[in-house]
Amino acid sequence: MAISFNFFLLLLLLAGSTTAFPNFFLSPSFYSNTCPQLHGIVRSAMKEAIRNDTTIGAGLLRLFFHDCFAGGCDASVLLDDTRASVGEKTAPANKNSLRGFEVIDLIKKRVEAACPQTVSCADILALAARDSVGLLHGPRWNVRLGRSDATAAEQNAASFSLPGPGSSLPILLTMFAAKGLDARDMVALSGAHTLGRSHCSLYRERIHGDSNIDPAFSAALRSTCPLGSGNATVTAPFDRTPGRFDNMYFKDLVAFRGLLKSDQALYGGSLVDPLVEIYSEDNAAFGRDFAAAMVKLGDLSPLFGLPGEIRLNCRKVNA
Ligand code: HEM
C-alpha cells in the first residue's frame, strides 16, 4: 500500500514538474474517443492558413515555444490583456512580434463546433505547431495530448524565461537546462529558425558590430537595416529558405550567416560546434532530433483538469 502511494506521489511530482520529464498523463490518443475529428480539423485549417499566408507556420511554431517556456504549455500566451491583468502578449520578447492568434481562433471555433467543451487551446496550439512544421516539409511527430488551459497569464514568466536575440551560448544553455532541455535539445530546437524572419531592431547590432559574420552577408543587410532607429517594419529571413523546414539554418551558421547574435553563438569556437556541423550535413539527423526535442518541449508543466479549464475562447478565461 505504502509503495503504491509513493508511486502515486512520484507521478504527481512529475506531472507538476517545471522541467521536461516525460509526462505520464499526456497521450497521443487522449481525444480518440471524445474528438476523433480533431487531427483532421487542425491539419486542414493549417493547410488553408499556409495557403493564404506562406509565412504563418513560423508564427505558430514560435507561439508554441513562447507558451511552453513561460510557465508551461498551458495556452497562457493566448490570453488577451484584461482590465484586471496584463497578459504575456506585451512581454518584451513577445510584443509586436508574436503572430498566428487568428489561426488558433479559427481552429478553436471549428473544434468547438465538432466537439464542444472538450479540447484545450493548449493542445490545439501543440498540434498547430506540429502541422506547421510537417506542412512545410519538416518532420512529423506524435503530439502527446491532454493538457488543460491556464486560468491566468504569466507576464513575469514570459519576461524572464525567454532567451533574447543577444543571448550568449552559456545563457542559452542555462535557460534551456532550467527547463530540463540539454545542449542537443537546445541546438535542435534553435533549428526552428529555419522558418520565418526577424525584425531589424533585433539583428541591427550584429550586422553593424560583430566580427564573426560573413562580410557580404552583413553588407547586404545593412542597406535595409541602417544604424539608428530606422523603419520598424523591416525584417530579414533567418536562412536562405525561410518557407521550407530544412537544415539550411545550420549551413548558414557554418558560413557565419547567422542572423541573430544568439544564432551565431551556436557556432564558431563553441562547445556545440560539432552538433551544428552534423545538422548542417545531415537533414534527417536534424529532423529526428528536432522532433524528439519538440515532444520534450511539449511536456513542460502541462496542467491536468483543475485548476485548469477547457477554455471556450482561447483569448479569455471562461466566465
Ligand atoms: C534559442 C533561443 C532563441 C532565441 C534567442 C530566439 C529569438 C527569436 C527572435 C528575436 C525572433 C524574431 C522575432 C521578430 O522579430 O518577430 C525569433 C523568431 C522566431 N523564433 Fe525564435 N528564438 C529562440 C528559440 C526558438 C525556438 C526554440 C523556437 C521554436 C521551437 C523558435 C521559433 C521561432 C520562429 C519560427 C521564429 C520566426 C517567427 C516569425 O516569422 O513570425 N525560436 N526568435
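The following dialogue considers how terms are applied to a predicted model.

Biologist: What makes the size of the chain agree with that of a compact globule?

Modeller: A compact globule of 319 residues would have a radius of gyration near 20 Å, and the chain has 20 Å, so the two agree. Along its principal axes, the C-alpha trace spans about 65 × 45 × 35 Å.

Biologist: Is K89 called buried or exposed, and why?

Modeller: Buried means under 20% relative accessible area. K89 has 16%, and therefore counts as buried. D80 has 30% and is partly exposed, because that value lies between the limits of 20% and 50%.

Biologist: How do you know that the salt bridge of D214 and R257 links distant parts of the chain?

Modeller: The side chains of D214 and R257 meet at 2.9 Å, N to O. D214 lies in the loop between α9 and α10, whereas R257 lies in the loop between α11 and α12, 43 residues apart.

Biologist: Which term describes the accessibility of D214, and which that of R257?

Modeller: D214, at 18%, counts as buried because the limit is 20%. R257, at 24%, counts as partly exposed.

Definitions and conventions
Residues are numbered from 1 along each chain as its sequence is written. This is a predicted model: local features need pLDDT of at least 70, side-chain atom pairs count only at pLDDT 80 or more; totals for chains, interfaces and linings use all residues. Side-chain values use heavy atoms; hydrogens and water are left out. The radius of gyration is taken over C-alpha atoms; the globule rule is 2.2 Å times the number of residues to the power 0.38. Buried means under 20% relative accessible area, exposed over 50%, partly exposed in between (1.4 Å probe, protein chains only). A salt bridge is a side-chain nitrogen of Lys or Arg within 4 Å of a carboxyl oxygen of Asp or Glu. Helices (H or I, at least four residues) and strands (E, at least two) are DSSP runs, numbered from the N terminus.
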